[in-house]
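Hi,

Here is the structure I said I would pass on. Have a look at it first, and then read on for what turned up.

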Amino acid sequence: MSGYHLGLLVLLSFNVIAAYAVYLPLAAGQLNLGIAGFMVVGAYAASYLNNEMGWPVAGAIACGGALAAAVALLVAIPILRTHGIYLALATFALGQVIAAIFLNLEVVGGASGYPVTAHIGAVAVVGTAVGVIAFMALLSTTRFALYLTAVKSDPLVSDLMGINIRFIKVAAFTLGAAVAGVGGGLYAHYFNYIEAQYFSVMLSVYTVLYVLLGGTQTVWGPLVGAVIFTLMPELLRASAQWRYALFAIFIILFMAARPQGLITAGVGGYLRKRFSREAV
Amino acid sequence: MIAQQVINGLMLGGIYVLIAVAFTLAIGVLNFLNFSIPGTFMIGGMLSWAMLKVGWHWTFAFSAALLCAAFVGLLVYWLTYRPAKNSDPEVPLVSSLGFLVLVENIAIIYLGSDQQSFPQVLADFNMRIGPVVIGGAQLISLVVSLGVVFGLSIFLKKSNAGRRIRAIAENRDTAALLGVNVGRLVPQLFVFNALFTALGGILFAISYLQVSPFMGENLGFKGVSAMIIGGMGSIWGAIIGGLLIGLVEVLSIQSLGSDFVNICVYGLLLVLLIVRPEGLLGKPAARDKL
């Protein structure tokens with residue numbers, strides 16, 4: 001595998017991890033526009049633990065994820081009082097505030113960025129991404145995934161059916177943040193350098209865009225969205241700016257023509273039918 | 001010194017007022033969080049700069065920018081609002097974010113990603129009231145933006161078209177039933193909205209003499225914050241929110257340094273969303289759509 005392909009695969013892995021971090025709360029009907037804020041927590045926490053405290057890389061990254069989850073849990077209780085647009089904007093504001101705090105934190109380099117000494121290879125990043133996909137696929141077979149869909153479709157009825165809506169919402173939000181934190185930690189140790197400016201609003205926005213492009217009805221939608229977002233510009237051989245412009249055009253037309261996303265529950269059923277027919 | 005900063009904050013707030021009013025109109029009447037608004041704001045500033053640079057007279061340059069923004073507004077209506085009427089609530093929001101990404105990147109491709117200095121259109125004059133200096137361009141833009149917003153407020157209250165718009169805001173179906181031509185009024189509203197924000201972009205460029213493709217992202221999102229802080233759907237709320245955000249921004253630069261602006265502005269938004277989600281002047285959310 002050439003360096004180019006490996007680089008692409010790693011990029012895809014980061015995008016996939018971010019996609020699932022957005023997908024989990026979205027599956028429960030929460031649009032999280034502050035996912036970059038949780039990545040920043042994971043990235044800086046993991047780097048700090050590894051750099052200054054001498055923790056092993058794996059432990060530091062896991063702890064980064066846990067810290068991101070802890071931040072999410074802490075803010076979930078007040079933030080999830082809001083819903084709809086208010087929630088989207090609250091997460092947006094939260095992401096901005098977190099990134100700005102790290103930008104001003106002199107202990108991790110402030111605005112000049114923070115070098116990370118320990119390096120992890122591409123295998124670890126890709127492996128984690130595969131692990132995240134496997135975990136999400138597994139999760140989609142449990143009742144928890146059903147609860148998420150129920151809470152998204154009709155909170156009132158699911159409440160009447162005895163689902164603890166608050167718990168489900170907080171769990172989805174926190175779990176998503178944990179995934180984002182792990183992604184941030186991996187990013188820091190793969191590129192060996194982080195700066196808070198990288199984790200901007202637009203990073204969150206792009207992630208949300210490609211997740212919705214893939215579709216949130218099934219667990220495979222975010223994966224497809226991330227693949228399209230990563231590979232489409234490479235195939236088109238376009239410059240960095242054209243890639244975003246084309247992606248935006250794609251998103252606009254797609255939302256107009258097929259707002260439920262590329263992969264819907266129906267597509268899965270169709271494929272399964274085809275597949276079983278061929279097996280017979 | 002504080003008086004000077006308060007004046008500066010109010011001047012900057014005037015720009016936010018325009019953006020916040022545009023957002024508030026979209027959300028109040030159409031129940032649609034139109035994230036393409038920062039994009040049209042950027043078009044207003046950036047395109048006027050580009051046209052002035054190739055030697056156009058400022059009247060033509062500004063008209064071209066307004067025209068282009070109006071066209072984008074119409075596109076947003078056609079491609080975002082109309083198809084998404086009956087779909088998942090996050091779809092129009094995402095699609096309008098797509099428009100923001102699109103215009104921003106097109107601006108970067110054709111005009112470069114650097115911050116550009118905007119030529120001086122108005123003669124440079126300052127007014128002094130005691131120790132306080134008031135920039136002429138800033139004062140004009142504050143007066144224009146507040147004037148436009150007051151005009152809009154009266155228009156909505158008194159005029160026939162304003163009454164129709166408020167009818168749609170109240171209940172779309174009933175308005176249609178009572179003979180309001182919703183299919184014609186709504187695109188007009190989109191165009192109007194885009195013109196409004198593009199005007200904000202031009203005023204910003206005139207008074208602060210700098211434009212960049214990221215100005216929409218930087219200022220537009222603060223405009224959303226202003227709208228939320230004031231209360232969604234309320235024009236007076238947008239005015240108060242806009243001026244407040246401007247004050248907070250300038251005062252936080254003054255006392256803490258420019259790196260703390262985002263913490264203060266978005267921290268304020270976050271606290272307010274948690275404590276009083278309906279905003280300072282908003283009514284408690286009755287209808288809720290993403």
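I'll start with one glycine. B:G231 sits in the loop that links α9 (215–230) and α10 (235–256) of chain B. Keep in mind that this is a predicted model, so nothing below comes from an experiment.

Is B:G231 buried or exposed? A residue counts as buried once 20 or more other C-beta atoms lie within 10 Å of its own. B:G231 has 25 C-beta neighbours inside 10 Å, so it is buried.

As for who those contacts are, leave aside residues up to four places away in sequence, and B:G231 touches B:G237 plus a run made up of B:E278, B:G279, B:L280, B:L281 and B:G282.

Next, a hairpin. Strands β2 (residues 126–129) and β3 (residues 132–135) of chain B run antiparallel, and 4 bridges join them. One of the pairings is B:N126 with B:G135, its bridge partner in β3(B). There are 2 residues between the strands, and in this hairpin B:G130 takes a positive phi near 60°.

Now chain B as a whole. It has 11 helices and 4 strands. Its radius of gyration is 19 Å, close to the 19 Å that the globule rule gives for 290 residues, so chain B is as compact as a globular protein of that length. Along the principal axes, its C-alpha atoms fill a box of roughly 55 × 45 × 35 Å. Of the 290 residues in chain B, 52% count as buried. If you take the contacts in chain B with a separation of 6 or more, 76% of them are between residues 24 or more positions apart.

Last, the place where the two chains meet.

Cheers

Note on methods:
Residues are numbered from 1 along each chain as its sequence is written. Chains are lettered from A and ligands numbered from 1 in the order in which they are written. This is a predicted model: local features need pLDDT of at least 70, side-chain atom pairs count only at pLDDT 80 or more; totals for chains, interfaces and linings use all residues. The radius of gyration is taken over C-alpha atoms; the globule rule is 2.2 Å times the number of residues to the power 0.38. A residue is buried if 20 or more other C-beta atoms lie within 10 Å of its own, exposed if 12 or fewer, and partly exposed in between; C-beta atoms are placed from the backbone. Two residues are in contact if their C-beta atoms, placed from the backbone, lie within 7 Å. Two strands pair if DSSP finds at least two bridges between them.
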